[in-house]
Amino acid sequence: MDIKEMKVVNKRVLKNDALGLACGMPEFTDDIDINGLLHCKMLWSPHAHALIKNIDTKETMKVCGVKAVLTYKDVPRICHTKAGQGYPEPSPYDTYVLDNKVRFVGDRVAAVCAETLEACDEALKKIKVDYKILKAVFDPIEAMKDGAPIIHDEKDSQNIPDARHNIAAKFDFEVENGEWFKDSDFIIDNTYTMPYIQHCALEPHIAITYLDAKGRLVIRTATQVPFHVRRIVAQALNIPIKNIRVIKPRIGGGFGSKQEIVIEDICAALTLKTGKPVKFEYTRRETFISSRTRHPSIVRLKTGLRKDGTITDAEMDILLNTGANGSHALTVMMCAGSHTLPMYKIKNNIKFKGRSVYTNLPVAGAFRGYGATQAFYAWESQMDIMAEKVGMSPLEFRKNNYIKLGEGSPVFKAMGEGGEGVEQFITSIGLDEGIKKGLKAIDWHKKRKKYANQKGPIIRGLGMACLMQGSGIPEVDMASATIKMNEDGSFNLLTGAADLGTGSDTILAQIAAEVLCVKTEDILTYSSDTDLTPFDVGAYASSTTFISGGAVKKTAEKVREMIIKVAAEIMKEKKENLFLKDKKVMSKKGFSCSFGEIARHSLYARNQHQIIASASHYAHTSPPPFAAHFADIEVDTETGRIKILDYVACVDCGTAINPTLAEGQNDGAVLQGIGHTLSEEMEFSSNGTMLNASFRRYKIYNTADTPVIKTILIPTYEPNGPFGAKSVSEIGINGPLPAIANAVYDAIGIRLFNPPFTPDKVLKEIKRKVFD
């Protein structure tokens, strides 16, 4: 279909919940009044590694208003993962609702629920715990050594490849076409790190659980994965899935943190014990410490190249710190390779070695970018280093080497998420156009000349990075949708997809509206209720537009055929002579029949039936979006402060179903990446206690800090996506670290390997260069 002929798709349609949210309508998890609601609070471990020898809660129950206490003695001991992934989950089963061993400062010890939060706080003080302190390990390199403390020595855990060396996940892959580095004129070998980083979603983790009139457990929760929540809570508490209903209201941000079953199991266990509704809401401090983080990483990248700019060999060795549990330990590590290694053509040999390692620090998990963020920082920094080595411009070097239309990579087949991938070839790419438009928007060539001979303490520089991601997980992710026609010709769209504030409810409505030739307002979207909406894996892996959108498009096409069939009866025409237009069925002879008339005829007149259809969709490919990022920065060589003057991000997401929402997604991802680059880092004491678990000390970029960011959408048409669409939500976060690092090098000749690039770090490197 020609994009120019589209009436709703690729249009800047107003987000369908925008007015309600702007007016403060009650749409979030906590926007509900339930009589007799109890509050939950958790007792957290003060130790990084310890056994609970004894726990005494007798005095706790004497506190006025306390209704229940839970310890490891009160809940089933069922080993599971809290990673919200498709079944069977590729993450190790190494987690319990409550355990008699704690593995990091902030791990669960006991839960209480009471009529007030004050009573909860008083009750927690009454719990007496006798700990046996164990030796802790905080460095993943040290954790792998013989004799290191074994963090998961329990016998009932599953899928841990090497518990004795604290290896939660590992994967090795190699393509060998000759002797390593034999054809290389130059060999570049560098190591790049990334620290602990928090998601910092505006809304903390929150869940409300209660029993309905039939005694079924209802979980109202801010989650990205309602169907996974249902399955994993049922597993952890040993209750039937049919006895659980999960409802996802509006969410105040997720970024991957709410792809985890962080609080729902405890909240549900307390409701089952008391028979009362219970609310569990994290404080900001608890969100920092006891939810999830980005995986800290050490990436060693060794590349060989010839003088003509051909990349001959690449060895990528990544070590992830997964913290106390292995949530997403395998898949994040594999995505670090699968989303980056295919980006550039490597002539001879490719090797990937990945390890995710347990330590006694907070649990890492899913985070926007999902491994690609860590790995592209290494790759795109290395690309600039290699370009300089052979005397090429960063632009020319990338253009000569990046993957082109119709090309594939052995990495696609070898590496998926958690196992083997699928063979893929690039069916759409707008990277060349993105580079051209980005260069023009940031005025690259003119500024290069202007910045050639700078003097004074303030020095400016330019940097760039090229990126790719994915669109869902091929042959794993699946989504379904149902569409029902109403008497006035409007439609109910029921989908399990989880709108995180991203606008997916609007996007999916636009796709349905385009097929059915109506306005978006005629599509009434209801999403994410496990009793009422069909299955969807949830919002992760950049899958919603591509996978859920595919299901909606198929469903709408089924409904379209049903509408035409009824219209043919009414109009006494052949179906092949009818088509949809402006909420009507038109005949080639010029006659028409309104959708309202068709709906009423189907319900009340002849051959009565409901016009309703469902369809499911999964994909055999994961077509990557591509992006080119450009940063214009200045460095104060007297203070080490980096200031971003201009930032341009050109992104090929295929057909942007809603350009405004696509631009907003990319702008947000870029700003989040800038925070990673310049300020964000979780800090810990020598005993594993987080030191900056508040926004007073953990700096995220706010509106006042935001530099000029310009997103440019590069239109392409992806034949495997709904109306040519690919993903857009994650790729933008991967660019700022390498683009800014490259710009700093361009400005002052210093290569930065350890973010965040805070003034003290930069100044230290400047002084080191001076003295060297």
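Residues are numbered from 1 along each chain as its sequence is written, and side-chain values use heavy atoms, with hydrogens and water left out. Because the model is predicted, local features need pLDDT of at least 70 and side-chain atom pairs count only at pLDDT 80 or more, while totals for chains, interfaces and linings use all residues.

The partners of β26 can be followed through its bridges, two strands being paired if DSSP finds at least two bridges between them. Strand β18 (residues 458-468) runs antiparallel to β26 and is joined to it by 11 bridges, with Gly463 standing opposite Ala631. Strand β27 (residues 642-652) is likewise antiparallel to β26, here over 10 bridges, and Phe626 stands opposite Asp652 of β27. Between β26 and β27 lie 5 residues that complete a hairpin, and Gly640 in the turn has a positive phi of about 85°.

Another part of the chain forms an open sheet of 4 strands in the order β21-β20-β19-β25, with mixed pairing. Its edges are β21 (523-527) and β25 (612-617), each of which has a single partner strand, so one side of each is left without a neighbour in the sheet. Direction ignored, neighbouring strands of this sheet are turned by 20° against each other on average, the axes being lines fitted to C-alpha atoms (for helices over the stretch in contact) and angles running from 0 to 180 degrees between N-to-C directions. Within the sheet, β19 (residues 479-485) and β20 (residues 491-495) pair in the antiparallel sense over 5 bridges, and Met485 has Phe491 in β20 as its bridge partner.

Grid points are joined across faces, edges and corners, and a volume is the space filled by probe spheres set on the points. By this rule there are 2 cavities of 30 Å³ or more. The largest cavity holds about 260 Å³, and of the 21 residues that line it, Thr95, Tyr96, Asp107, Arg108 and Asn325 are the closest to its centre. The second largest cavity, with a volume of about 30 Å³, has a lining that includes His199, Cys200, His205 and Lys258.

The second largest pocket has about 510 Å³ of space and 24 lining residues, of which Lys7, Glu514, Cys517, Leu580 and Lys581 lie nearest its centre. The largest share of this lining, 4 residues, comes from β22.

The structure also holds 48 salt bridges, a salt bridge being a side-chain nitrogen of Lys or Arg within 4 Å of a carboxyl oxygen of Asp or Glu. Lys145 and Glu142 meet in one of them at 2.9 Å, N to O. In another, the closest N and O atoms of Asp183 and Lys347 are 3.9 Å apart, and this pair links distant parts of the chain, 164 residues apart: Asp183 is in the loop between β7 (167-175) and β8 (186-194), Lys347 in the loop between α7 (329-338) and β17 (349-358). Glu573 and Lys589 form a salt bridge at 3.7 Å, N to O. Glu573 is buried at 13% relative accessibility, whereas Lys589 is exposed at 62%. Finally, a network of salt bridges links Arg77, Asp99, Arg103, Glu154 and Asp156.

Methods. Buried means under 20% relative accessible area, exposed over 50%, partly exposed in between (1.4 Å probe, protein chains only). On a 1 Å grid over the protein atoms alone, a cavity is a set of points where a 1.4 Å probe fits but cannot get out, and a pocket is an open set with protein on both sides within 12 Å along at least five of seven lines; lining residues have an atom within 4 Å of a point.
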